[in-house]
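Subject: Structure handover

Hello,

Here is the structure for you to look through. My notes on what was found follow below it.

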Amino acid sequence: MAEKTTILAIDQGTTSTRAMLFDADGRPQASASQELEQIYPRPGWVEHDAEAIWQATLAVGRKVLESVGTEAVAAVGITNQRETTVVWERETARPVGNAIVWQDRRTAEICDGLRADGLETHIAEATGLVPDPYFSATKLAWILSERPELGDRAAAGELCFGTVDSWLIFRLTGGAVHATDATNASRTMLYDIGKGAWDDRLLERLAIPAAMLPEVRDCQGAFGVCEADHFGAELPILGVAGDQQAASFGQACFAPGMIKATYGTGCFALVNTGAQKVTSGNRMLGTIGYQLEGRRTYALEGSIFMAGATIQWLRDALGLFADAAESEAMAAEADPESGVYLVPAFQGLGAPYWDAGARGAILGLSRAASRNEVVRAGLESVAFQTRDLLEAMGRDMTAAGLEPPAALRVDGGMTANRWLMQFLADTVGLPVEVAEIAETTALGAAYHAGLAAGLYGSQDELAQKWRCAARFEPAMPEAERAARYDGWRAAVDRVRSR
Ligand code: ADP
């Protein structure tokens with residue numbers, strides 16, 4: 001029998017589906033991916049074809065296994081876009097309609113109703129979240145209320161709800177397993193992250209039958225076996241986590257206070273708060289970082305809507321450069337004393353301001369300002385927003401008796417920009433460490449599966465393996481650091497709607 005030396009990680013993301021193989025050392029061996037069609041039926045609505053997600057998963061899994069062979073695979077790990085909501089028939093595994101994607105805003109009114117009913121505090125305390133269309137709960141309620149026959153069928157146990165992980169597990173196991181992991185459950189806004197149970201009050205209020213919910217399991221453990229037809233042999237699914245939690249695990253953020261931030265289109269930061277469920281006083285989200293042997297490790301999460309997206313806007317809408325990479329040299333050439341700020345409130349301001357009515361602005365322009373200063377201000381806004389998040393998280397952690405972060409681990413497309421990484425270190429006042437293995441999300445899924453399979457020895461061992469490709473130390477004098485951030489706060493104040 002061939003030696004089992006490989007983990008197959010499936011990373012089902014919003015815009016693409018990727019399969020990767022990781023060896024016994026946790027190093028990437030091969031990768032295959034496929035774009036995913038975005039469906040926009042109306043303004044504010046975003047859907048995916050769940051069947052297309054499944055077919056893409058099969059295709060990329062088969063493709064990547066061509067290089068190594070199925071015999072070498074010890075286990076499968078799954079990570080996925082979170083919150084996206086799928087409902088399917090238990091009997092036939094046929095989706096009842098398109099998946100409603102996390103970005104979809106159609107359920108804003110249902111969320112207003114939850115707030116009007118005074119459920120905001122309960123939602124924060126039980127689920128760690130804020131009433132927002134982002135999460136699965138109101139998407140599922142919408143599907144069931146739109147077609148009343150579905151509610152009856154769901155109550156009779158004929159329908160299954162799941163986030164994308166559950167959907168893939170169900171298909172891979174030929175319908176044998178209807179389960180999710182605790183991290184994905186914690187983003188549904190239906191799961192009590194303190195008790196580790198579905199929340200009856202929210203289920204009742206939203207008329208969601210418990211019979212359609214997946215069983216919630218640890219991130220590591222048996223999620224069933226992929227039928228042999230799919231990848232050429234029966235393969236056990238042994239690890240599951242939502243994408244941001246997987247990235248945090250892939251960054252080996254295993255101790256309280258360890259934080260990672262992923263800089264792509266948006267930015268997602270997750271800080272480990274250990275066994276302590278911290279309810280944020282600063283509108284950060286509380287979530288489960290991972291759950292092992294029934295023990296939950298919690299995290300606080302904050303996100304920035306516009307990170308790389310600001311650079312895309314400078315490139316595509318203003319035409320200031322042709323390639324995102326050019327922004328680095330332009331920022332380096334800009335006048336550091338220009339006083340220009342760019343507040344990218346294109347879709348309002350997120351955490352910690354939560355001002356949906358705010359709009360973006362470029363402030364502090366003088367005749368000396370050129371495109372270089374504007375580009376630099378765009379990059380700087382990413383660092384300033386990160387500091388906004390870190391300060392809010394730091395306050396929450398201090399209030400909970402925890403030490404705030406001592407370093408910032410980063411990944412994602414923007415980390416290629418060395419000027420930005422140095423400015424980030426200067427702005428947050430912490431060393432910034434760029435992960436050596438860029439695909440931290442898939443790596444986290446592989447870590448979960450590989451630990452469960454025994455291919456990886458222990459979390460400690462994985463923590464030892466973590467390497468940074470580059471490290472940026474804060475070097476800016478304290479007075480300058482404070483003055484620049486004060487300028488940012490003043491600029492934000494000028495764009496707020498209230
Ligand atoms: P996603 O996974 O969200 O698609 P990626 O991690 O691939 O994002 O990162 C792509 C984003 O990073 C884009 O928004 C792009 O504008 C930005 N980006 C890529 N390279 C650079 C760079 N050198 N400097 C600044 N921004 C960059």
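A residue is called buried if its relative accessible area is under 20%, exposed if over 50%, and partly exposed in between, using a 1.4 Å probe and protein chains only. By that rule, 59% of the 498 residues of the chain count as buried.

Before the rest, some notes on the source. This is a predicted model, in which local features need pLDDT of at least 70 and side-chain atom pairs count only at pLDDT 80 or more, while totals for chains, interfaces and linings use all residues. Residues are numbered from 1 along each chain as its sequence is written, and side-chain values use heavy atoms, with hydrogens and water left out.

Overall shape

The chain has 17 helices and 23 strands; these are DSSP runs numbered from the N terminus, with helices (H or I) of at least four residues and strands (E) of at least two. The C-alpha trace spans about 65 × 55 × 45 Å along its principal axes. A compact globule of 498 residues would have a radius of gyration near 23 Å, and the 22 Å of the chain agrees with this. (The radius is taken over C-alpha atoms, and the globule rule is 2.2 Å times the number of residues to the power 0.38.) Contact means heavy atoms within 4.5 Å. Of the contacts with a separation of 6 or more, 74% are between residues 24 or more positions apart.

Salt bridges

A salt bridge is a side-chain nitrogen of Lys or Arg within 4 Å of a carboxyl oxygen of Asp or Glu. The structure holds 33 of them. One of them joins Arg171 and Glu51, with the closest N and O atoms 3.0 Å apart. This pair links distant parts of the chain, since Arg171 is in helix α6 (residues 164-172) and Glu51 in helix α1 (residues 50-65), 120 residues apart. Arg171 is buried at 17% relative accessibility, whereas Glu51 is partly exposed at 27%.

Arg153 and Glu89 form another salt bridge, at 3.1 Å from N to O. Here helix α5 (residues 148-155), which holds Arg153, is linked to strand β6 (residues 86-89), which holds Glu89; the two residues are 64 apart.

Glu337 and Arg484 meet at 3.9 Å, N to O. Glu337 is exposed at 62% relative accessibility, but Arg484 is buried at 12%. Elsewhere, salt bridges that share partners join Arg82, Glu83, Arg187, Asp243 and Glu301 into one network.

A buried threonine

Is Thr127 buried or exposed? Thr127 has a relative accessible area of 0%, so it counts as buried. Thr127 lies in helix α3 (residues 120-127). A polar atom of its side chain is 2.6 Å from the backbone oxygen of Ile123, and the backbone nitrogen of Leu129 is 3.2 Å from a polar atom of the Thr127 side chain. Beyond its neighbours within four places in sequence, Thr127 is in contact with residues including His122, Ser186, Tyr191 and Gly286.

An exposed leucine

Leu365 lies in the loop between β20 (361-363) and α13 (371-399). At 54% relative accessibility, Leu365 counts as exposed.

Regards

Definitions and conventions. Polar contact = N/O pair within 3.5 Å; in protein donor to acceptor, adjacent residues only side chain to side chain.
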